[in-house]
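Good morning, and thank you for the time.

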Amino acid sequence: MATAGSDNIMSRFLNRKYETLEPYTPGEQPKVLDLIKLNTNENPYGPSPEVLKVINEEEVGRLQLYSDPEAAELVEAIAENFGVSREQVAVGNGSDEILAFCFMAFQPENGKVYFPDPSYGFYKVYGDVFKADRHPVPLNGNLEIVPEDYKNLDGTIIIANPNAPTGIALETGVIEEIIKSNPDNLVIIDEAYVDFGAKSCVPFIDKYDNILVIQTFSKSRSLAGSRVGFALGNKELIADINRIKFSFNPYNLDRLAIRAAAAAMRDDAYFQMTRRQIMETREYTVREMEALGFEVLPSKANFIFARNSRIAGKDYFEGLREKNILVRYFGKKPIEDYVRITIGKREDMEALLSATKELLERQ
Ligand code: PMP
C-alpha cells in the first residue's frame, strides 16, 4: 500500500537533508466499513456520551472563531484528573505532536537519543527528522526491555510503557531507577497504553526534574479521530514545550477537539467502565488464543502480540484479511512471526477466534 510520502517522488526543491527520510507508515485506514478493524489500537467503544453533548450545533456554529491557544478548558480538566497544577500540563495534536515538540525542544542536532527496538516507529522517524544520533536498544530474546541498558547513558531516553508492539510493561520502580541514574538526561515515558493495566509514572514528575510523561486521548479515551495528546512534567519542562508550540502552531488543537477531550477527561465513570471491559476482553482473548496454541506476550495494553508455530505470521495476517479481519503485521526481524491484534468488543474477538480456528485447520 502506498502511503503519502512513502514513494520516492521528490521535487528539486526538497531540502536535501530530507532526501533519505523514511516516513512513518501508519496502519491501514480502510474505506470499506464491513471489516473488523483490529489494526491500529483504536478503542472499540465510542467516545463518552458527554462528548456528544458538547459537540453540538452551538459549538460547530462557532467554528469561524479561532480556538483557545491555551486550550484552558482541557488543560484544567487534565490537571484536575491527575491532581497536578495547570503549569504541569501541555497539550498537542495527538501525542505524536507532543513527541515532535520534545525533539524540537530538547534534542540537540547530533545529540544521542536512546529508545527500545522494536518500539513505536515514530521514535526512529523523529530521530531522523530532527537529525538526532539514534541509538535503538535491542529488546532481549523474550522481547522485553532490559532496564540495565538504560542506566547512566549520555542522551535523551524514550521508553514506551507498556512497550509497543509487545504490550509488555515495566514496573514503575524500575523506571525510577532509570530516571535516577540519568540525572542529566531527559527521560520521556510514553504512556499511550498505560490505562490498560500498567502503572503510571506521573507521580515522579514532582520528584524529578528530568522526566516527562506523555499520554493520549486516542486509546483509553476513545478519541483517536480528535487528535489530542498531552505531556505532564515539571513546570519548566512544560514551559519549554509550550515555547515550541507557540513558535510553531499556537492553535494546534481545534475548538471541537478541546471541548471533546475536556468532556472525555471529566467522565471518569465511562473511562473506567470501557477500559475495564477492554481488559476483560483481552484476558478472554489471551486464554482462547493460548488454547489454540498461540504464544501470547503478557500484555498490559489494548492489544496482544502473538505467534503460533503452526502458521507463519504473514500467512495468518493475510488469511485474516481475506476473512475481512484486519490486524497489524510488521514483517521484520525479530518480530516477523508475530501479529499485533487490537482488543475489540467481545463479538469482534469471537469472530477473530473462529477465523483463526479455520485458518489453523487449513494448515
Ligand atoms: N505512542 C505510542 C506508543 C503509540 O502506539 C501511538 C499510537 N500509534 C502514539 C504514541 C501516538 O498516538 P496519538 O498521536 O494518536 O496520540
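One definition is needed at the outset: a crossover is called right-handed if, with the strands pointing away from the viewer, the path from the first strand over the helix to the second runs clockwise. Please note also that this is a predicted model.

I begin with strand β3, residues 112-117, and strand β4, residues 133-138, which run parallel and are joined by six bridges. Within this pairing, Tyr114 of the one stands opposite His135 in β4. Together with helix α5, residues 122-129, strands β3 and β4 make a β-α-β unit, and its hand is right-handed. Strand β3 also pairs with strand β5, residues 156-160, again in the parallel sense, here over two bridges. In this second pairing Val113 stands opposite Thr156 in β5.

Let me stay with helix α5 for a moment. A search of the whole structure finds 19 aromatic pairs. One of them joins Phe122 and Tyr126, whose rings are stacked, at 4.4 Å centre to centre and with 25 degrees between the planes. Why are these two residues separated by about one helical turn? They are four residues apart in helix α5, and therefore about one helical turn separates them.

I turn now to the ligand. The residues around it include Gly94, Ser95, Asp96, Tyr120, Asp190, Thr216 and Ser218. By class, the shell divides into three nonpolar, four polar and four charged residues. Which helix gives the most to this shell? It is helix α4, residues 94-106, with three residues.

A polar side-chain atom of Asp190 lies 2.6 Å from a nitrogen atom of the ligand. For Thr216, a polar side-chain atom lies 2.6 Å from an oxygen atom of the ligand, and for Ser218 the distance from a polar side-chain atom to a ligand oxygen atom is likewise 2.6 Å. Taken alone, the ligand exposes 410 Å², of which the protein buries 91%.

Strand β9 is joined to strand β10, residues 303-307, by two bridges, and the two run antiparallel. In that pairing Val296 stands opposite Ala306 in β10.

Thank you; I welcome your questions.

Note on methods:
Residues are numbered from 1 along each chain as its sequence is written. This is a predicted model: local features need pLDDT of at least 70, side-chain atom pairs count only at pLDDT 80 or more; totals for chains, interfaces and linings use all residues. Side-chain values use heavy atoms; hydrogens and water are left out. Two strands pair if DSSP finds at least two bridges between them. A residue is near a molecule or strand if one of its heavy atoms lies within 4 Å of it. A polar contact is a pair of N or O atoms within 3.5 Å; within protein, one must be able to donate a hydrogen and the other to accept it, and residues adjacent in sequence count only if both atoms are side-chain atoms. Accessible areas come from the Shrake-Rupley method with a 1.4 Å probe; for residues, only the protein chains shown count as cover. Ala, Val, Leu, Ile, Met, Phe, Trp, Tyr, Cys and Pro count as nonpolar, Asp, Glu, Lys and Arg as charged, and the others, Gly among them, as polar. Rings of Phe, Tyr and Trp (its six-membered ring) pair if their centres lie within 6.5 Å; planes under 30 degrees apart count as stacked, over 60 as edge-to-face and the rest as tilted.
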